[in-house]
Structure formats: structure tokens, C-alpha cells
Amino acid sequence: MQRYILRRLLQTIPVLLLCSVVVFAVLRMVPGDPALVMLGLEATPEAVAQIHKEMGLDKPIVVQYGIWLGHVVRGDFGVSWSSKQPVAQLIKRRFEATLLLTLGATVVGVVIALPLGILSGVRPRSPFDALATSFSLLGVALPGFWLGLMLILGLSVQLGWLPPSGYVPLDESLGDGLKHLILPALTLGVGLAA
């Protein structure tokens with residue numbers, strides 16, 4: 001089993017490498033110049049050339065990719081063009097919320113799916129089985145964004161039970177953090193349960 005897991009982990013390396021090549025190439029083929037986006041349309045050619053040099057855009061694409069890959073391997077993801085902050089810092093800041101939402105959606109999905117699956121298996125072709133099958137089909141067919149909007153309208157706007165948006169870290173306020181987590185976790189969890 002350990003060999004299988006190790007082999008599968010090693011197989012992810014070429015897949016990630018190929019994905020990074022494709023994404024890097026596609027981003028470089030998108031029309032427009034990042035320097036002009038940063039400086040505006042009235043930028044002087046000298047300022048554009050300076051930005052190209054600072055960002056390494058004056059080098060061939062293969063060299064740009066090699067430099068980028070070298071930085072990524074060392075854990076340096078660069079600086080965001082829009083916020084001017086290190087990308088690793090931006091990822092770290094949002095990692096807690098992403099992990100919390102993933103765990104919340106998984107818990108909701110398991111809490112819904114496990115009993116439905118067991119009861120449907122114990123009582124095949126029963127009215128409960130038909131109801132569970134209908135729920136599964138509906139959960140797969142409904143787009144997550146639509147379900148999320150309907151839950152916001154129902155549970156937040158109409159009933160006022162939950163906040164419609166926002167994020168509160170759990171270490172600031174456990175109660176408020178969980179209230180803000182319920183709607184997005186329920187929205188994602190229904191899809192997982194289905």
C-alpha cells in the first residue's frame with residue numbers, strides 16, 4: 001500500500017509540471033501587456049521597458065518559465081501585481097478560511113449522505129429510497145451558485161437566521177464564525193452529499 005501511495009504521489013509531479021507549462025503558456029498568449037495594465041495607456045515606452053525588465057518579460061518565454069519555476073520550487077511565488085504584496089502572504093491569509101470551508105462542506109456532505117445512503121440501501125425501492133434518489137439527482141443537477149443564492153434568500157433575507165455573507169475567524173468569535181460558515185458549507189455540502 002505504501003508503494004502504491006508513493007507511486008501515485010510521484011506521478012503527480014509530471015502532471016503538475018505539465019499543467020504549469022500549459023497555464024504559463026496560455027497566460028503569456030493572452031492579448032495585452034501587463035506593463036500597460038500596471039502603468040495605464042498613457043505610459044511612456046521607457047517606463048514600459050523598465051517594467052518589462054523588472055518583471056523579466058524581456059526574456060524568451062522558456063527562460064521566463066525556468067526563472068518562475070525556480071522561484072516556485074524555493075517557495076517564492078512572487079509579488080501580486082494588483083495588491084503589491086507577496087503572493088505567499090496572500091495565500092496564507094486566506095488558507096484558514098478555505099480549510100475551514102472545506103472541512104465544513106465535508107462534514108455537511110457526510111452527515112447528509114451517510115444516513116441517506118444507508119437507509120436507501122436497507123430499504124430499496126421504498127418511498128424513502130425514491131426520495132433519497134430524487135435528492136441526489138436534484139443535488140447533482142442544481143448549480144451551486146443557484147443553490148447558494150436560494151439559501152441566502154431563504155435563510156438570510158426572508159427568515160433572518162444567518163448572515164448573508166462575510167467571514168469571521170473562529171479565534172475572534174466562535175459563534176459568529178460558525179454562523180458565517182453554515183450557508184457556504186451547506187451550499188457546497190449538498191453537492192458533495194449528492
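Me: Why is Leu 181 called buried?
Reply: Leu 181 has 14% relative accessibility and therefore counts as buried, a term for values under 20% relative accessible area, with exposed meaning over 50% and partly exposed in between (1.4 Å probe, protein chains only). This is a predicted model, in which local features need pLDDT of at least 70 and side-chain atom pairs count only at pLDDT 80 or more, while totals for chains, interfaces and linings use all residues. Residues are numbered from 1 along each chain as its sequence is written, and side-chain values use heavy atoms, without hydrogens and water.

Me: What is Leu 181 in contact with, leaving aside its neighbours within four places in sequence?
Reply: Leu 181, which lies in helix α8, is in contact with Leu 100 and Leu 101; contact means heavy atoms within 4.5 Å. Leu 181 and Leu 100 are 81 residues apart in sequence and 8.1 Å apart in space, C-alpha to C-alpha.

Me: Why does Val 30 count as partly exposed?
Reply: The relative accessibility of Val 30 is 45%, so Val 30 counts as partly exposed. Val 30 is placed in the loop between α1 (2–29) and α2 (34–39); helices are DSSP runs (H or I, at least four residues), numbered from the N terminus.

Me: What puts the buried residues of α6 on the same side?
Reply: The buried residues of α6 are Asp 129, Ala 132 and Gly 139. They cover an arc of only 95° around the axis, which puts them on the same side of α6; the arc is that of the directions from the helix axis to the C-beta atoms. These buried residues pack against α5 (87–122) and α8 (174–193).

Notes
Helices (H or I, at least four residues) and strands (E, at least two) are DSSP runs, numbered from the N terminus.
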